[in-house]
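Here is a briefing on a structure with several chains. Look over the model below, then read the points by topic.

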Amino acid sequence: MLEIIDVSKNFGGLTALHHVNVQLPPQKIYGLIGPNGAGKTTLFNLITGLLPVSGGTIHFQGQALTSLHPHQITRLGIARTFQNIRLFPTMTVLENVLVAQNIHTRSGITSLFQLRAQADKKLREEAEALLQEMGLWPKRKEISSSLAYGEQRRLEIARALALEPTLLLLDEPAAGMNEAETEELLDRIQEIRSMGKTIFLIEHDMSVVMGICDYIIVLNFGKMIAQGTPDEIQANESVIEAYLGREER
Amino acid sequence: MFFQQLINGLMLGSTYSLIAMGYTLVLGVLQMLNIAHGDVFMFGAFLGLTFALLGIPLYWALLLAMLGAGIISILVERFCFRPLRKAHFLGPLLSTIAFGILLQNVGTQIWGSEPSRYPQTTEIAQFQLGPILISSIHIIILATSLFLMVAIDQLVKRTRLGRAMRATSENQTNASLLGVDIFWVFTFTFFASGALAGVAGVLTALVYLQITPFIGIRQGLIGMVAMVIGGLGNLRGAMIGGIMIGVMEVMNDAYLTAGYRDMIVFGLFFVFLIFKPEGLFGATSRES
Amino acid sequence: MSVYLEGVLALMGINILMALSVYAILTTDQLSLGNAGFMAIGAYTSAYLTVKSGVPLLPAILVGAIASSVMGLLVSIPVLRLKGIYLVMATLGFGEIVRTFFMNFEPTGGAYGFRGPSGATLPLIYGWVLVTIFFFWLLTRSRLGRSLDAVRDDPEVASTVGLHVTLLKIGAFGLGAFIAGVAGALYAHYMFYIESNNFNFLVSAMAILFVILGGMETFWGAVVGAIIFSILPEVLRFMKDWRLSLYGAVLVSMMIFRPSGILTRQMIRDLGERFEGIWRGAGSKDA
C-alpha cells in the first residue's frame, strides 16, 4: 500500500535520509524507531508532501505522491499528527474537527448558503461521535490551545480521524503520557486498525512499540538499518548497537 | 547636457541613498521595516527649516536637524519596536504606519500643510567645469552624503559598535549572551537611521526649496525601492541603489516624459521583489 | 439631513468597505498595503463606463469591482510566493504602480483627474455596506470561513487537513480587491471628481488603521474601527486639528496594550452565543 522507494533527502550539505526502501502492506500497525535525529519525522514530512524528496519516489495505493501537494495527498487518504502537537490554536475543539471534514463536502463559496443541510447534519454527527470517543465532547466549545496536554493529543488524533484516512501517521503519540493514558492510546490504536486502517507510528516508548506494532522499521543516521517483527528487531545486533542503553522506558 | 543631468542625478540619488541606508540599517539589524522612516526624513527637513529661519548657519542647522531626527527615530524604537518585538512581525510594522501618520499630523500642526519655503542661508557659488554647471549646493550635498556613507560603512565594518550591530543582526539571543547590550544596539541603530534620514531631509529641501509635511511619503517609498534594488540588508547595495534611482529619475525627466517617472520606479520595485528579491548585490538580511 | 452630515456618512460607508477589504485579505494572515490601488481600479473603470459609455450605475459598479478583483487575482499569484516583508512591500508597490498609472492615463484624465461620475446616494452606499456585512456574517458561519481560519492559524497544518491553501489565499485577495473596487466605484460616483492622488498610500494605510483599531480578529472589528474613525473627528471637533495626531498616538498605544483591537474574537463569540440563546429560546441545540 505504501511504497517508499530509494528515498533520499538532503538539506544543503546534510543528508537526512539515505536511500530508504520500505514496503508497507495495508491493515497493519507499523512502528518507526531510531535514535533522535535519525530522520523519522523527515520521512513523515516527505510522505505527506510537506517537503520534497531529493531522490527516489513514494507510492500510495499505486499513486506517486512525490509530485503532489500536501492537500492532495491528504485527499488520497493519508492523515498525520505532529510531534509537537499542532492544532489550530484560535479555533475551538469542535471547529478543529469540523474543518478537517471540509474535504468530504463542498466547502467553497457555495458553503456560505448552507444549502446542504442533510450532509451537514451527518458530518456533525460524525464529529460528535469522534469527540465523544476521545472524551472531548464536553469541551467542544473551548479554545483548543486551552486544553491540557493529553487532551490536545487526543484532539489531534480526532482531527486526523475526521479526515477518514486509510493510512494514519502518528508522530510520537504517546509522548508526555502517563501509564493510564498510554494504555488508552494503545486500545484506541487497535480500534483504528480494526476499522480497516493502516497505522504508521513514530515512537520512543519501547513498550508501546513492542507491544502494539506488527512490524518495525529502524532508522539510524538516515539509513534503514533493520526491519522486521518486534521479536526480530529486539534480537537484531545493529539495532541493539544503535540503541543500547539509550532509549529504555 | 548629459553630464549635467548626471551630476544632478548623483545629487538627487545621494539623498535617496541616505534614506535607503536608514531603512537598511533597521531592517538588517532588527529585521524590521520602519514605515515611519520617511516621516522622520520629513521632520529632519522641517527642523532644518526651523533652524535656518532662526538664522543658524547651514552646517549647524544640518547637524541639529540630524540630531533631532535621530531622537525622533529613537522614539519610534521605543514605542513601535521594543514593546512589540517578541510578537508577530506585523506588529511593529503596523505600529510604524500609525506612528508615521502621527508624525505627519504633528508636522501639519506645527508647520501647516501649505508648502514652506526654504530660506537661503548660504551664498550659492557656481563653477563652470567644462560644459557642466556645478553649484555649491551640488557640492554640499554630494560631499555630505559621501562623507556619511563612508562613515556609516566604516562604522559597521570596523568598529566595535559595528561588530555588535552585526552580531545582533545575526542572532539577538547569542549576541546578548556574548555580552552585547542589544538594547543599546537597537537604540543606536534607530538613531543612526534617523540621523541619516534627517540629513537627507535637509539636503532634499535644499534641492527642492519647498517642503510640506507629506514629502516623507514619496521620498520614503523611493528609499524603500532603493533598498530593495540594492539588496535587503546590504548597506552598500542601498547606497548604489539610491544613486541609480536618482540618476534614472533625472534622465527620465530629461529625455522622457516626467509623468512616467514614478511608474517606472515602482514598476522596478515590483519586478525586483517578484523576480530578484535578493536585489542587485545580494540580500544579507536574514529576514525571510 | 444636511449636506455636510450626508457627506460624513457617505465617506463612513466607503471607509467601512475599505476596512473590510483589508480584513478580507487579513483572514489568511496576509497584509495588503495596496488596497488603494484596487479602489482606484474600481473607481476609474466604473466612472469611465458611466460617463463615457453611458452604462447605468449598478452594472458599472459591478464591472469596476470585477475588474479590480481580476487584477487582484492576477497580482496575487506571483505576490503570494513571497513571504513576510517581501509580500507587504510588493502590495505596497502594486498600489503605487496603479496610482502612478492613472496619473498618466489620458483616457481617464491623467493628471487632471476625471470629472463627471455621479449617482451614488446614501441608500446605495449603505446598501452595498449591508450586503458586504451580510456576506461576511455568512462567511464566518460557513465551512469556507472555517477553512480561512485554519489557514490563518497554521497554513502548513491546514494543507495537511486537505485545504488548498494557495487557492484560499488567492481567493481572499480577490475578495479584498472586489470590495475595494466597490468602495472606489461608490467613491467616484459620490464625489463627482476623482484624481490619482485620491488613491495614494495614505488611503491604504488608513484602511489598515481602521482594522487595527476595531480589532483584527473579526470582521466586526473592521466595521467598528471605520465607524469610530469616521465619526470621531466630528465628535472631537473641539480638539480642532490635534485630533488627527491623537489617532496616531492612540493606535500606537493600542498596538502596545491591546493589539487585538477593540473587539476580540472571544467577545464576538460570547455575544453570538448570548444572541443565539435568545433566538432559539429554550431549545438547547448546540452551535
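Two strands pair if DSSP finds at least two bridges between them. Helices (H or I, at least four residues) and strands (E, at least two) are DSSP runs, numbered from the N terminus. The model is predicted: local features need pLDDT of at least 70, side-chain atom pairs count only at pLDDT 80 or more, and totals for chains, interfaces and linings use all residues. Residues are numbered from 1 along each chain as its sequence is written, while chains are lettered from A and ligands numbered from 1 in the order in which they are written.

**Strand pairing**

- In chain B, strand β2 (residues 126-129) runs antiparallel to strand β3 (residues 132-135), and four bridges join them.
- B:Q126 has B:S135 of β3(B) as its bridge partner.
- The hairpin of β2(B) and β3(B) has two residues between the strands, and B:G130 takes a positive phi near 65° there.
- Chain A holds an open sheet of four strands, in the order β2-β1-β4-β5, with antiparallel pairing.
- The edges of this sheet are β2 (14-24) and β5 (63-64) of chain A; each has a single partner strand, so one side of each is left without a neighbour in the sheet.
- Strand β4 (residues 55-60) of chain A is joined to β5(A) by two bridges, and the two run antiparallel.
- Opposite A:H59 stands A:A64 in β5(A).
- Strands of a sheet pair through backbone hydrogen bonds, either parallel or antiparallel.

**Chain A domains**

- Chain A is divided into domain 1 (1-77 + 165-249) and domain 2 (88-163); the bounds come from an automatic or database domain assignment.
- The centres of domain 1 and domain 2 of chain A, taken over C-alpha atoms, are separated by 26 Å.
- Two residues are in contact if their C-beta atoms, placed from the backbone, lie within 7 Å.
- By that cut-off, eight residues of domain 1 of chain A are in contact with seven residues of domain 2 of chain A.
- The side of domain 1 of chain A that touches domain 2 of chain A has four nonpolar, two polar and two charged residues.
- For these classes, Ala, Val, Leu, Ile, Met, Phe, Trp, Tyr, Cys and Pro count as nonpolar, Asp, Glu, Lys and Arg as charged, and the others, Gly among them, as polar.

**Chain B helices**

- The expected span of a helix is 1.5 Å times one less than its number of residues.
- Helix α2 (residues 37-53) of chain B has 17 residues and should span 24 Å at 1.5 Å a residue; its end C-alpha atoms are 24 Å apart, which agrees.
- A residue is buried if 20 or more other C-beta atoms lie within 10 Å of its own, exposed if 12 or fewer, and partly exposed in between; C-beta atoms are placed from the backbone.
- In α2(B), 15 of the 17 residues are buried, so the helix is largely enclosed by the rest of the structure.
- B:G55 follows α2(B) and has a positive phi, near 90°.
- Helix α9 (residues 215-230) of chain B has 16 residues; from first C-alpha to last it reaches 23 Å, close to the 22 Å expected at 1.5 Å a residue.
- α9(B) is mostly covered, with 15 of its 16 residues buried.
- After α9(B) comes B:G231, with a positive phi near 115°.

**Chain C fold**

- Chain C has twelve helices and two strands.
- From the N terminus on, its elements run α-α-α-α-β-α-α-α-α-β-α-α-α-α.
- The radius of gyration of chain C is 19 Å, close to the 19 Å that the globule rule gives for 287 residues, so chain C is as compact as a globular protein of that length.
- That radius is taken over C-alpha atoms, and the globule rule is 2.2 Å times the number of residues to the power 0.38.
- Of the 287 residues of chain C, 57% count as buried.

**Chain interfaces**

- Two pairs of chains touch, and chains B and C have the most contacts among them.
- Chain A and chain B do not touch; their nearest C-alpha atoms are 15 Å apart.
- Chain C puts 37 residues in contact with 37 residues of chain B.
- α4(C) gives the most to that side of chain C, with 14 residues.
- By class, the side of chain C that touches chain B has 28 nonpolar, six polar and three charged residues.
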